[in-house]
Amino acid sequence: MGIYLNPGNQSYKEAMESEIFIDKTEMIAYLNSIVKTKQKYACVSRPRRFGKTMAADMICAYYDREAESRTLFEKCKISKIKDSNHPWDEYMGSFNVIRLVMTGFFNKDKSVDESLNTIKKRILDELDEAYPGTNYDTNDFFFSIDKFYRKSGIQYVIIIDEWDVIFREYADNKEGQKKYLDFLRDWLKDKEYIALAYMTGILPIKKYGKHSALNMFDEYSMLLPLQLAPYAGFTTEEVQELCVKNKLAYSEFEKWYDGYRLSNSVSKEFLTEGADIDDNLYRVHKIYNPYSVVKAIRNKRIENYWNETETYEALKQYIDWNFDGLKEDVAVLMNGGCVKIDVSGYQNDMTTFHNKDDILTMLIHLGYLSYNRDRGEVFIPNKEILDVFKSSTKAKDWTMTFRALNNSGKLLEATWNCDEEAVAELIELAHNRAGNRTYHSEAGLSYAVQLAYYRAQDYYTIIPELDTGKGYADLAFIPLKPDVPALLIEMKYEENADTAIEQIHRQKYPERLEHYKGNLILVGINYDKDIKNEQPEFKHHSCKIEKA
């Protein structure tokens, strides 16, 4: 048994003998189905303390040819699986396992080159001890790995834990990151000696532009965990069983630690008619944070255990950057709402952000947000994480943000109720948030109105400058739900609200939304900049509302 080569099963034995142990060995059945195939590359990304290391320990114990783990796994769930194509013990004890925990090699005191050289030397030293007399080259790691494989005739299972540490420890060292990714690619890609390559980390594989540097890996992430979804954390059934066993109230665990929604497959609509459907493969799994559940059960106390591994300062940093009005989105999330995002542009690191969607996507991977794939929305998963957000937003500069969010909800209600006076007053409050340089402008008014209706995105698709054939309506609100009316908003500057309504009718804007007839509200808003500041009407907004 070595430190890196065939490290044995001791770590997994300790897990099995712990006070709280959840059997996730069925995961190995899936890995067995990809061993020695073109799909033998798996990268699993999860937040901290979501069981990544214990899963790696389990995989080591199973595949390690020197571990003698049959008695361990015979009493686990995997041994109960009946599969004529892949017996549960098909590959047990069949490979040379190389296990690396990358946090043990990469730190800021060493260069990337020094760390990579240490990895190469330690692996080759242990292989040399296991297979003495092999004619290998200490200066050519990849050649030597192949030589040891041909000497032994035994393929490798490579397990790399915390594979993405370099993107945290060397966040700005782009050259070093590329060297590291090139090392992994040259070691693992298209190599006959690889039976399975399994990597874990917080982040998915780093992308450059639209491309992945390690494109041979299938990724199982918090965005799309695929077949490994049930093994991302504790499931509802597992937590319920623990609560019954320990005589604890499940409802409190659900409130505090539930909330991660992981879809494990594509939509059933992609299947042909008559296809056999295994409902377990086409479901959304409710996943709990394992670390917090275990701590709560052992302590017999519901608490925020997230802060033992993460600090609110990290979250606060990203929120305070306020990309594209991120603070307003966070306020919506903290108010129990959802926010639509585009996850496709995120580059899978902690420094490359082009917009607020990139930051929100990263927060999914870090465990601060949950992702509804079907709706393309994020939300705060549970009370534990909500408390972290509250700690991150205690500063005084958040007071105005939360007040504006509250006013936005009131504005929507007032619009639905055709309360012209309330709408004008609330638009005026939103407009007052504009700086003095932008206040007296049509663009400033337009921005203020869109900001004021921020909460409308929960109910509408908002289309600025909707083409109506005879002109462009300033703002169109297309309902996402049938129980709310469509809205058309026309803004005027230095005219009057009646003129705005007249333009809506004259240009026949409602015809563009003909199918909403009887459930359409027309809103005209005006602001006149020339009124002097000593007059009562200074900075006063007017509003006219009609139903159509």
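The structure is a predicted model, in which local features need pLDDT of at least 70 and side-chain atom pairs count only at pLDDT 80 or more, while totals for chains, interfaces and linings use all residues. Residues are numbered from 1 along each chain as its sequence is written, and side-chain values use heavy atoms, with hydrogens and water left out.

We may start with empty space. Rolling a probe the size of a water molecule over the atoms shows where such space is left. On a 1 Å grid over the protein atoms alone, a pocket is an open set of points with protein on both sides within 12 Å along at least five of seven lines, whereas a cavity is a set of points where a 1.4 Å probe fits but cannot get out; lining residues have an atom within 4 Å of a point. Grid points are joined across faces, edges and corners, and a volume is the space filled by probe spheres set on the points.

Two or more lining residues come from each of α1 (10-16), α3 (52-63) and α11 (290-299), and α3 gives the most, with six residues. Helices (H or I, at least four residues) and strands (E, at least two) are DSSP runs, numbered from the N terminus. The pocket lining has 17 nonpolar, five polar and nine charged residues; here Ala, Val, Leu, Ile, Met, Phe, Trp, Tyr, Cys and Pro count as nonpolar, Asp, Glu, Lys and Arg as charged, and the others, Gly among them, as polar.

The largest cavity, with a volume of about 80 Å³, is lined by M27, V44, R46, F50, G51, K52, A55, Y198, L228, Y231 and A232. Eight of these residues are nonpolar, one is polar and two are charged. The second largest cavity has a volume of about 40 Å³, and its lining consists of M222, Y260, R261, L262, I364, L369, S370 and Y371. Strands β9 (260-263) and β12 (370-372) each supply at least two of the lining residues, with the largest share, three residues, coming from β9.

In their contact (heavy atoms within 4.5 Å), K120, I123, L124, L127 and D128 of α5 meet F141, S144, I145 and F148 of α6. These residues divide into six nonpolar, one polar and two charged.

On the α5 side the contact involves V112, D113, L116, I119, K120 and I123, and on the α8 side G176, K179, Y180, F183 and W187. The contact residues comprise seven nonpolar, one polar and three charged.
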